[in-house]
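Please read it alongside the sequence and the structure shown here.

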Amino acid sequence: IPELIHRSEDARKTRAVADISGIKAAIGTFDVDNGFFPKNLQDLLQQPSTDKNWKGPYLEKPPVDPWNNLYVYTCPGKHNPSGFDLMSLGPDGRNGR
């Protein structure tokens, strides 16, 4: 049973990495269309009133990680001030382990 739990957790981590890659691609497409990064992930789902070149939706549904937490997006990023930070809070749902 411990091996199955470990594999299940590995699968969740793999899915989170794939999700983040897809969200980054959506953010990049938004940037190409609008000339700037979205203010929040909701801007990828629904057109903000200030974005005239919006051609979305860029995502089909709100991005939720494998542990049922919303992905955390910050722009400008703390770790990437000229861009954005995007992360999952992981299995414990807390920032900064």
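Tyr 58 counts as buried in this predicted model, because its relative accessibility of 14% is under the 20% cut-off. Trp 54 is also buried, with a relative accessible area of 14%. The points below are grouped by topic.

**Aromatic pairs**
- The count of aromatic pairs comes to 5.
- Trp 54 and Tyr 58 form an edge-to-face pair, because their planes stand at 85 degrees, with ring centres 5.6 Å apart.
- Tyr 73 and Phe 84 form a tilted pair, at 5.6 Å centre to centre and 45 degrees between the planes.
- Tyr 73 lies in strand 1 and Phe 84 in the loop between strand 1 and strand 2 (85–87), so this pair ties together parts that are 11 residues apart in sequence.
- Both Tyr 73 and Phe 84 are buried.
- One aromatic cluster is formed by Phe 30, Phe 36, Trp 54 and Tyr 58.

**Asp 31**
- Asp 31 lies in helix 1, which covers residues 2–34.
- With 26% relative accessibility, Asp 31 counts as partly exposed.
- Apart from neighbours within four places in sequence, Asp 31 is in contact with Phe 36 and Phe 37.
- The C-alpha atoms of Asp 31 and Trp 54 are 9.5 Å apart in space, while the two residues are 23 residues apart in sequence.

**Confidence**
- The chain has a mean pLDDT of 90, and 92% of its residues reach 70 or more.
- Among the elements of the chain, strand 1 (residues 72–74) has the highest mean pLDDT (97) and helix 1 the lowest (88).

Note on methods:
Residues numbered from 1 in each chain as written. Predicted model: local features only at pLDDT ≥ 70, side-chain atom pairs only at ≥ 80, totals over all residues. Heavy atoms only, no water. Helix = DSSP H or I, 4+ residues; strand = E, 2+ residues; numbered from the N terminus. Buried < 20%, exposed > 50% of the residue type's maximum accessible area, 1.4 Å probe, protein only. Contact = heavy atoms within 4.5 Å. pLDDT = per-residue confidence, 0-100. Phe/Tyr/Trp six-rings, centres within 6.5 Å; stacked < 30°, edge-to-face > 60°.
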